[in-house]
Amino acid sequence: MGRDDSSSDATTIARPRLEADTVPRAGFVLEVESGPDQGKELEIRADDPQRRLLGKGPACDLSLTDPSVSRRHAALELAESKLRVRDLGSTNGTFVGELEVVEALLTGGELLRIGGTRLRVRAALVPVPPASDAGAFGGVIGVSDAMRRLYPLCERLARADVPVVIEGETGTGKEQLAEALHAASGRAKRAFVVFDCTAVAPNLIESELFGHERGAFTGAARQHAGVFERAHGGTLLIDEIGDLPLPLQAKLLRAVERGEVTRVGGSQPLKVDVRVLAATRRDLDREVQLGRFRDDLFHRLAVARIELPPLRERHGDIPLLVQHFCLALGAPANAIPNELVRRWETQLFPGNVRELKNAVARRLALGDLADAEERPAPHALAHARVGRGDAISRVLSEGLPLAEARQRLVDEFDQRYVEHVLAEHEGNVTRAAAAAGVARRHLQRLKARFGGGEEPEE
């Protein structure tokens with residue numbers, strides 16, 4: 001995924017021939033069998049790339065009135081021919097039959113219980129329109145099924161002029177997708193402005209968003225237009241919106257709803273015509289559940305949602321992306337040896353497309369000297385195709401008692417979460433603890449427990 005800002009246009013790269021999929025695929029229907037909303041249904045189509053939400057919240061796809069159901073109780077998504085259900089930290093849990101689950105794969109026929117509501121899961125064949133045969137959407141490149149399913153949605157949303165939340169792991173290309181949506185929209189000839197919530201000091205975010213008047217605070221020597229004003233008539237991407245402080249979320253909601261901003265130190269509202277796109281690496285459903293992101297702001301922004309898949313789920317895209325990055329960096333499309341490209345296809349690339357681009361640049365710069373850095377761990381191939389339910393499957397296969405199995409999964413999650421949040425904040429425990437919403441001492445204990453440091457003194 002990269003910008004087509006040179007002679008390396010994506011159309012110059014050889015792509016495999018794509019066959020249109022016109023055969024009905026397996027989808028699912030959830031029907032409320034008992035509870036206050038008996039008779040309600042939710043269809044999950046095979047061509048729908050988005051997660052679907054169950055809960056009481058207004059942004060849920062199946063909104064329930066059962067008071068024992070959480071606002072965002074569970075998420076559903078297709079996993080090949082199965083339906084993955086994942087509990088979102090609900091108060092009363094998610095059950096398949098009599099078994100409480102954190103995550104499970106369903107095939108149809110199961111009884112799903114959330115709170116006091118029971119839902120029957122039915123498999124159903126639903127017609128699927130032909131998948132896009134395009135290999136790119138603007139600067140977003142990929143021919144994998146995971147990407148081809150997104151292109152028709154992107155094309156529709158580009159024309160719709162509604163707010164969109166773009167979700168995905170670090171390095172999946174969220175900013176490139178936002179720019180592509182802008183370029184294909186009716187606002188393409190106007191400004192595309194990016195505001196990164198993580199790149200501005202917290203005490204300056206309000207001024208950068210909404211502007212300030214001269215003398216509004218110490219150092220405000222002149223009037224300053226915020227990003228809403230600079231994006232007037234065009235598109236504003238608020239990057240990493242999940243990191244926006246709660247007090248400013250209320251002011252952002254007002255700006256989006258009313259189409260007006262008031263500069264810091266000012267009293268006169270200014271009308272702005274801006275399409276707002278928001279990007280985040282965080283799970284906003286979870287952030288809302290934990291009270292770290294306003295439900296009303298999420299509901300206002302998530303008129304539409306696009307979830308960019310990680311590179312490990314984009315089977316077949318790595319060779320195409322390697323060719324594209326070679327051309328973009330001024331090298332021949334085949335500058336990277338095929339053997340190395342095949343090796344890269346077995347790697348996890350936790351930094352996703354950004355990490356792959358850096359690997360290409362390093363190889364082009366260092367040649368064979370980069371080989372030692374490129375060799376994957378022996379288990380890389382085994383882990384490259386691991387799905388999110390793999391840890392559960394592995395623990396279940398060991399035949400452990402329920403309490404012990406649950407603890408094993410909790411321990412594994414805690415360890416991986418601590419490693420992830422520390423990596424996100426370059427090992428800084430204080431910042432990582434703040435991002436995780438826990439006390440620094442608690443995070444330090446977890447870090448020590450999993451071999452990452454000493455136990456803090458009491």
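## Who lines the second largest pocket

Helix α11 supplies the largest share of the lining of the second largest pocket, four residues. In this predicted model, local features need pLDDT of at least 70 and side-chain atom pairs count only at pLDDT 80 or more, while totals for chains, interfaces and linings use all residues. Residues are numbered from 1 along each chain as its sequence is written, and side-chain values use heavy atoms, with hydrogens and water left out.

The pocket has a volume of about 1,000 Å³ and a lining of 43 residues, with D196, T198, E240, D243 and R281 nearest its centre. A pocket here is an open set of points on a 1 Å grid over the protein atoms alone where a 1.4 Å probe fits, with protein on both sides within 12 Å along at least five of seven lines; lining residues have an atom within 4 Å of a point. The volume is the space filled by probe spheres set on the points, which are joined across faces, edges and corners. By class, you will find 15 nonpolar, twelve polar and 16 charged residues in the lining; Ala, Val, Leu, Ile, Met, Phe, Trp, Tyr, Cys and Pro count as nonpolar, Asp, Glu, Lys and Arg as charged, and the others, Gly among them, as polar.

## A closer look at α11

Helices are DSSP runs of H or I with at least four residues, and strands are E runs of at least two, numbered from the N terminus.

Buried residues (under 20% relative accessible area, 1.4 Å probe, protein chains only) in α11 are N352, V353, L356, A359, V360 and R363. They fall within an arc of 115° seen down the axis, so they line one face of the helix; the arc is that of the directions from the helix axis to the C-beta atoms. Just after α11, G367 takes a positive phi of about 60°.

## Strand β5 and its partners

Now to β5 (residues 74–79), where five of six residues are buried. Strands pair if DSSP finds at least two bridges between them. β5 pairs in the antiparallel sense with β3 (residues 52–55) over three bridges, and R52 stands opposite L76.

With β6 (residues 82–87), β5 pairs in the antiparallel sense over six bridges, and E77 stands opposite R84. These two strands form a hairpin with two residues between them, and E80 in the turn has a positive phi of about 60°.

Conventions:
Buried means under 20% relative accessible area, exposed over 50%, partly exposed in between (1.4 Å probe, protein chains only).
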